[in-house]
Amino acid sequence: MKRIAVLTSGGDAPGMNAAIRSVVRTGVANDMEVYGVKGGYEGLINGIFVPLGTRDVGGILQRGGTILGSARCPEFKTEAGQLKALRQLNGAGIEGLIVIGGNGSQTGNCALHKLGFPVAGVASTIDNDLIGSDTTIGVDTALNIALEAIDRLKTTASSHQRAFLIEVMGRNCGYLALMAAIAGGAEYVVLPEVETDPENIAKTLNSAYERGKSHAIIVVAEGAKYNANALDAYFTEHRERLGFDLRVTIIGHVQRGGTPSAVDRILGSRLGAGAVQELVKGNYGVLVGVIKGDIAVTPLEDVVGHPKALDMSYFDLARLLD
Ligand code: ADP
Ligand code: F6P
C-alpha cells in the first residue's frame with residue numbers, strides 16, 4: 001500500500017490531532033504518501049484531499065479539536081453517498097483509509113469496508129461508547145474538564161447550602177457522568193442506564209443535609225430521561241414541598257474543547273500508529289483501540305451496532321461513597 005488517507009469525523013475529541021500526526025508520521029516511515037481529507041465524510045464525498053508530510057503535522061500535538069475539520073454528513077449514510085466517496089478515493093489513487101471517530105463514524109467506515117475498500121478505524125470520542133476499546137481518545141480530557149467544573153461548583157455550593165446540578169455530555173452513554181460523579185464526590189448521579197425518580201434525588205439530598213453536608217452535587221448525563229432541564233422543571237414545580245434551592249450548570253461543548261491531556265496525546269499517538277500498521281499488514285476493516293492497556297484490534301462488524309454496556313460496579317461504588 002503506497003497511498004493512504006486519513007479523516008476525522010463526528011464530534012471532535014481532544015487528542016484527534018495526536019492521532020493524525022501519528023498516522024502521517026507512521027505512514028511516511030512505511031514509505032507511504034499520506035493525504036488528509038478535509039471535513040470528514042463531507043470532504044470525502046467532495047474529494048477534498050490535501051497531502052500531509054511530517055512537517056505539516058508539527059506543532060499540533062497540544063491542540064484540541066482536529067486540524068482536518070469534522071462534520072456530521074447525512075449524505076454518507078446513504079449508499080449513493082458512500083459510492084461517491086468510493087469514486088473519489090479510487091480517482092485519487094488512494095489505497096487505504098483511516099477513520100478517526102466515534103460510533104457513527106465507525107458505522108460509516110464499516111460501510112466502506114463492506115463495499116470492498118481497505119479501511120481501519122481509530123477509536124475516538126469523548127462518549128466512550130465504542131466496543132473494542134476500554135477508553136477512547138478524548139475521554140480523559142473531557143472527564144478532567146467536567147471534574148474541574150464540579151470542584152469549582154462545590155466551593156460555591158458549600159457557601160450557600162445549595163444543591164447544584166451539573167449536566168455532562170456523553171450522548172446515550174452515562175460513562176462520563178458516572179466517572180465524574182465518582183471522581184468529583186457527587187451526592188447523586190443520573191444516568192441513561194438507570195431509571196431515576198426525582199423524588200428519590202430529593203430524599204437523598206435532604207438526608208445529605210441532615211448528615212451535616214454543606215453542599216450537594218448531582219451529576220446528570222445529557223442522555224438521561226431526567227436530564228438537567230427536566231430535573232430543573234420538576235424541582236421548580238415542587239420547590240415548596242421538596243424544600244431546597246437548586247442551581248443548574250450544563251457544561252456542554254466546553255467539555256470537548258481545549259488542550260488534550262497527556263493520556264489523550266499518548267492514546268492518539270498509539271492508536272494512529274496502530275491503524276497504519278494494520279493497513280500495512282493487510283488486516284482491513286478493523287477498529288484499533290486499547291483493551292487492558294494493550295493495543296486491541298476488533299473487526300468493525302463486531303463494533304458497530306453493538307452497544308457498549310456500562311460497568312455497573314462503578315455505579316454501586318458511586319452510591320457507596322456519596
Ligand atoms: P460519532 O462518530 O462521533 O458518533 P455521528 O454519529 O454524528 O458521530 O457520526 C458521524 C458521521 O458518520 C455521520 O455524520 C455520518 O456521515 C456517518 N454515519 C453515522 N451513522 C452512519 C451509518 N449508519 N451509516 C453510514 N454512515 C454513518
Ligand atoms: O459524540 C460527542 C458529542 O460531544 C456528544 O457527547 C454530544 O451529545 C454530541 O457530540 C454533541 O454534538 P454536536 O457537537 O453536533 O452538538
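**Surroundings of the two ligands in the predicted model**

The space taken by ligand 1 is the largest pocket, where a pocket is an open set of points on a 1 Å grid over the protein atoms alone at which a 1.4 Å probe fits, with protein on both sides within 12 Å along at least five of seven lines. Ligand 2 also sits in the largest pocket, a molecule being placed in a pocket if more than half of its atoms lie within 2 Å of its grid points. The model is predicted, so that local features need pLDDT of at least 70 and side-chain atom pairs count only at pLDDT 80 or more, whereas totals for chains, interfaces and linings use all residues. Residues are numbered from 1 along each chain as its sequence is written, chains are lettered from A and ligands numbered from 1 in the order in which they are written, and side-chain values use heavy atoms, with hydrogens and water left out.

Around ligand 1 there are 16 residues, of which Arg-72, Cys-73, Gly-104, Ser-105 and Arg-171 come nearest; a residue belongs to such a shell if one of its heavy atoms lies within 4 Å of the molecule. The shell divides into three nonpolar, 10 polar and three charged residues, with Asp, Glu, Lys and Arg taken as charged, Ala, Val, Leu, Ile, Met, Phe, Trp, Tyr, Cys and Pro as nonpolar, and the others, Gly among them, as polar. Helix α4 (residues 103-114) gives the most to this shell, with five residues, helices being DSSP runs (H or I) of at least four residues. Polar contacts (pairs of N or O atoms within 3.5 Å) reach oxygen atoms of ligand 1 from the backbone of Gly-104 at 3.0 Å, from the side chain of Arg-171 at 3.1 Å and from the backbone of Gly-11 at 3.2 Å. Of the 560 Å² of accessible area that ligand 1 has on its own, the protein covers 84%, as computed by the Shrake-Rupley method with a 1.4 Å probe.

The shell around ligand 2 consists of Arg-72, Ile-126, Asp-127, Met-169, Gly-170, Arg-171, Glu-222, His-253 and Arg-256, and these residues divide into two nonpolar, two polar and five charged. Because domain 1 (3-138 + 260-303) and domain 2 (141-257) both give residues to the shell, ligand 2 lies between them, the bounds coming from an automatic or database domain assignment.

Definitions and conventions:
1 Å grid on protein atoms, 1.4 Å probe; cavity = no way out; pocket = protein on both sides within 12 Å on 5 of 7 lines; lining within 4 Å. Polar contact = N/O pair within 3.5 Å; in protein donor to acceptor, adjacent residues only side chain to side chain. Helix = DSSP H or I, 4+ residues; strand = E, 2+ residues; numbered from the N terminus.
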